[in-house]
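This report describes a protein model and its ligand surroundings. Please consult the sequence and the structure shown below.

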Amino acid sequence: MSEKRGRLKDKVAIVTGGAGVIGGAITESFCREGATVVVSDLESSKWSDFLGSLDIADPDKVKFIEADARDDKEVKSLISKVAGDFGRIDVLVSTVGGSKDALIHKMTDEEWDSVIELNLRTTFLACRAVVPQMRQQEYGKIVLISSRSYLGNIGQINYSTAKAGIVGFTSSLARELARYKVNVNCVVPGFIDNPRLALMAEKYRQMRMELNPFGTAALPEDVANTILFLSSDEARQVTGQAIHVASW
Ligand SMILES: NC(=O)c1ccc[n+]([C@@H]2O[C@H](COP(=O)([O-])OP(=O)(O)OC[C@H]3O[C@@H](n4cnc5c(N)ncnc54)[C@H](O)[C@@H]3O)[C@@H](O)[C@H]2O)c1
């Protein structure tokens with residue numbers, strides 16, 4: 001556990017898709033820096049096991065709200081519950097995302113639509129819901145998650161399109177919100193070590209690792225540390241940026 005510096009002391013953060021690999025690392029690092037974290041994800045039944053697996057000194061600082069990030073009503077209700085309970089929302093990290101790979105001539109409508117929806121529409125819905133609160137309080141940090149795949153990847157037309165969309169979305173929203181002292185940035189992770197890697201053929205593991213200038217897989221904490229910086233006041237003059245982690 002790294003030293004606690006209170007960089008998010010008394011801040012209230014929402015992490016959508018927070019019960020995933022990167023979401024868990026974000027939750028740990030935010031708690032360590034003094035935030036209250038509201039994790040939102042699909043299945044509340046899995047939450048207590050997941051929370052138990054995290055390295056968190058005070059589990060009472062983490063709340064869980066079940067919400068489907070693709071559903072506008074559920075997202076609005078999540079945001080209004082957090083704003084009502086805590087009186088403010090300082091940080092939104094939208095991590096919901098995922099891929100369904102296929103070459104374009106084999107890609108189904110469902111594979112296209114669902115990946116655009118899961119990565120891009122969820123980002124739009126979460127931001128649209130939280131912006132009125134952040135505008136009103138004249139403070140906020142929004143961090144979105146793209147992927148190195150936005151630069152192009154065979155078999156990922158749907159995913160790379162959605163993740164490229166997040167880079168443009170970030171740039172536009174940052175321009176809309178700077179006047180309200182709201183920062184909007186995204187991180188662009190490359191190859192991140194996670195339990196799913198065990199399922200990947202060695203040839204593809206190697207190919208992915210070669211895209212990292214350090215020639216290795218990064219850890220979820222490497223992404224979380226960058227998100228922590230972008231969510232803190234240390235980054236108050238950083239907005240509209242796409243920050244690569246484990247890629248270039
Ligand atoms: N892990 C990597 O190597 C990597 C690399 C680049 C980008 N990314 C991006 O980082 C983000 C997080 O990735 P991860 O590896 O932690 O993924 P993950 O699959 O471990 O976590 C995603 C979480 O989102 C939740 N989720 C899925 N659909 C949802 C919905 N409709 N509503 C609410 N929650 C939902 C899942 O239950 C899961 O807990 C994603 O956007 C992913 O595209 C990951």
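## Basis of the model

The model is predicted, and local features need pLDDT of at least 70, side-chain atom pairs count only at pLDDT 80 or more, and totals for chains, interfaces and linings use all residues. Residues are numbered from 1 along each chain as its sequence is written.

## Overall fold

The protein contains 7 helices and 7 strands (DSSP runs numbered from the N terminus: helices are H or I of at least four residues, strands E of at least two). Their order along the sequence is β-α-β-α-β-α-β-α-β-α-β-α-α-β.

The radius of gyration, taken over C-alpha atoms, is 17 Å, close to the 18 Å that the globule rule gives for 248 residues, so the protein is as compact as a globular protein of that length. That rule is 2.2 Å times the number of residues to the power 0.38.

## Ligand shell

Around the ligand lie 22 residues, of which Gly-17, Gly-20, Ile-22, Gly-97 and Ile-192 come nearest (a residue is near if its C-beta atom, placed from the backbone, lies within 6 Å). Helix α1 (residues 21-32) gives the most to this shell, with 3 residues.

## Packing of α1 and α7

Helix α7 (residues 220-231) packs against α1 at an angle of about 50°, with the axes 8 Å apart; axes are lines fitted to C-alpha atoms over the stretch in contact, and angles run from 0 to 180 degrees between N-to-C directions.
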